[in-house]
Amino acid sequence: MIRIGNASGFYGDRLSAMREQLEGGHLDVLTGDYLAELTMLILGRDRMKDSSLGYAKTFLRQMEDCLALALDQGVKIVVNAGGLNPEGLARKLDAKVGYVTGDDLKARFPEALTANAYLGAWEIAECLNQGAQVVVTGRVTDASLVVGPAAAHFGWARDDWDRLAGATVAGHVLECGTQATGGNYSFFTEIDATRPGFPIAEIDEDGACLITKHDGTGGAVTVDTVTAQLLYEIGAPEYLGPDVTTHFDTIRLSPDERGVRISGTRGSPPPDTLKVCLNTLGGFKNATTFVLTGLDVDEKAELVKRQLHDAIGEEGLHWTLARTDHADADTEERASALLHVTIKTADLKRAKGFSRAAIELALASYPGFHVTAPPSDGTPFGVYRAAYVHRDEVSAKAVLL
Amino acid sequence: MKRPLGTIAGARSGDKGGDANLGVWVRSEEAYEWLNGFLTTEKLRELLPEAQEVSRYELPNLKALNFVLHGLLGEGVAGSTRFDPQAKALGEWLRSREVEIPEELL
């Protein structure tokens, strides 16, 4: 059995989770996911400003606090915090560090700000087999952070489909941190969800696992909390990954006194293609929300719309009127509707001009004019799209420093 | 008996680019049998009129259904002008819709 914990479900998750997981009890490996589709865009913009950046800076802070503790306890750290610059992050860590590279496909997609293939688990396994104490990757599938250490520990083969699928399920349960332990959980009133502990998977040689958490931590690990996370961000029951196709309709969950047992998962060979996360700059975005209180809500909305269109034109404006108002209300807030307007435009000047035009209406529009928050200067926004490339076009590499 | 679907069903939703996913699960075999017959693609569109093209998948082993709502989020999280651009609360919206639930399941 190998005991693998998770200490991060996104870039910005609980900073102290790393320490909580290391101090809370025994672990063999501690993993962390820092990369969402949106995060790649944020890191892409960091990298544009400073080419030595492009990784998750919060992980570095966690390592300043906890690396010595992890090394002391013999806990291996496996994270995708490398983002767009795994080597840059790896070189900042004082340990035996391995990093995984080869996911960057910007040369193949030159129009994109970021273009990264979702790599698999085998380069992570290779780093660990060569003795890495810390492994940092760029874009790998979230589940690979768990599959890699399990595959290395048990010496699994590349066609151990059921084992790889079982570990993929464990990885999917862990990848969003406390979403497996009672965070964001529909039946939160039935548990103590004040401060859920981070999840742990105890994976067996056959790929089955027990999902649990350290004793004394909050939240809960039940068939329901685990089901909720299994359903997060999935599509068809054939869950395609770079190393294995995992059949979600074969997963069996059963309650255990320490958590939930997962077994029965079947796997089959993965597709010939790898998914690529592409982010391009879409233009500039700006937004504000007008508050419409009391009578004539539709007419008030109509007036302010007409005025803004008159000032800067209709192009790129998106309006939504939320009728949150109640007639004859006993509080001002309950009497108010919200009119959201967003501008998306290729022209930064127009995105800025939107703010001025909206504010200039302040004494010249509908009765009771005010906004919830003033518009900003306009910020760039990204457009995400997935692409697929043949796996032969991608050469993933494990490097040991 | 008309009750919010969330009286007996849990849900979790999220984003994948411009698509949203919405998983719904229940806690007994009887409830799953009912849910599977009740919550068709058409019914989902009726309960969530903002949904357009919808794919539906059955996961009887998890007593769950998974829906993919294609194109709901436009150009994805960063570019979306939609309220709740990551579809985080789509599931809680569905749970709040009042539907006819057999009394023995309540």
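Author: Before we start, domain bounds come from an automatic or database domain assignment. Keep in mind too that this is a predicted model.

Reader: Thanks! So which domains is chain A divided into?

Author: Chain A has domain 1, covering 2-271, and domain 2, covering 278-384.

Reader: And how many Å apart do the C-alpha centres of those two domains of chain A lie?

Author: The centres of domain 1 and domain 2 of chain A are 40 Å apart. Where the two touch, domain 1 of chain A contributes 10 residues and domain 2 of chain A contributes six residues.

Reader: Which elements are on the domain 1 side of that contact in chain A?

Author: Helix H2 (37-49) and strand E5 (114-117) of chain A each give at least two residues to the side of domain 1 that touches domain 2. The largest share is from H2(A), with four residues.

Reader: What classes of residue does that side of domain 1 of chain A have?

Author: On the side of domain 1 of chain A that touches domain 2 of chain A, there are six nonpolar, two polar and two charged residues.

Reader: Let me zoom out. How many helices and strands are in chain A?

Author: Chain A comes to 10 helices and 19 strands. Its C-alpha trace spans about 70 × 50 × 40 Å along the principal axes.

Reader: What percentage of chain A is buried?

Author: Of the 401 residues in chain A, 51% are buried. As for contacts in chain A between residues at least 6 apart in sequence, 73% of them join residues at least 24 apart.

Reader: New topic: how many residues of chain B are in contact with chain A?

Author: 26 residues of chain B are in contact with 32 residues of chain A. Strands E2 (10-16), E3 (19-25), E4 (53-59) and E5 (64-70) of chain B each give two or more residues to chain B's side. E2(B) supplies the largest share, five residues.

Reader: And what classes are the residues on chain B's side?

Author: The side of chain B that touches chain A divides into 10 nonpolar, 11 polar and five charged residues.

Reader: In what order do the strands of chain B's open sheet run?

Author: The order in this four-stranded open sheet of chain B is E2-E3-E5-E4, and the pairing is antiparallel. E2 and E4 of chain B are the edge strands, each pairing on one side only. On average, neighbouring strands of this sheet are turned by 15 degrees against each other, direction ignored.

Reader: How many bridges do E4(B) and E5(B) pair over?

Author: E4(B) and E5(B) pair over seven bridges, in the antiparallel sense. You can look for B:Ser55, whose bridge partner in E5(B) is B:Val68.

Key: Residues are numbered from 1 along each chain as its sequence is written. Chains are lettered from A and ligands numbered from 1 in the order in which they are written. This is a predicted model: local features need pLDDT of at least 70, side-chain atom pairs count only at pLDDT 80 or more; totals for chains, interfaces and linings use all residues. Two residues are in contact if their C-beta atoms, placed from the backbone, lie within 7 Å. Ala, Val, Leu, Ile, Met, Phe, Trp, Tyr, Cys and Pro count as nonpolar, Asp, Glu, Lys and Arg as charged, and the others, Gly among them, as polar. Two strands pair if DSSP finds at least two bridges between them. Axes are lines fitted to C-alpha atoms, for helices over the stretch in contact, and angles run from 0 to 180 degrees between N-to-C directions. A residue is buried if 20 or more other C-beta atoms lie within 10 Å of its own, exposed if 12 or fewer, and partly exposed in between; C-beta atoms are placed from the backbone.
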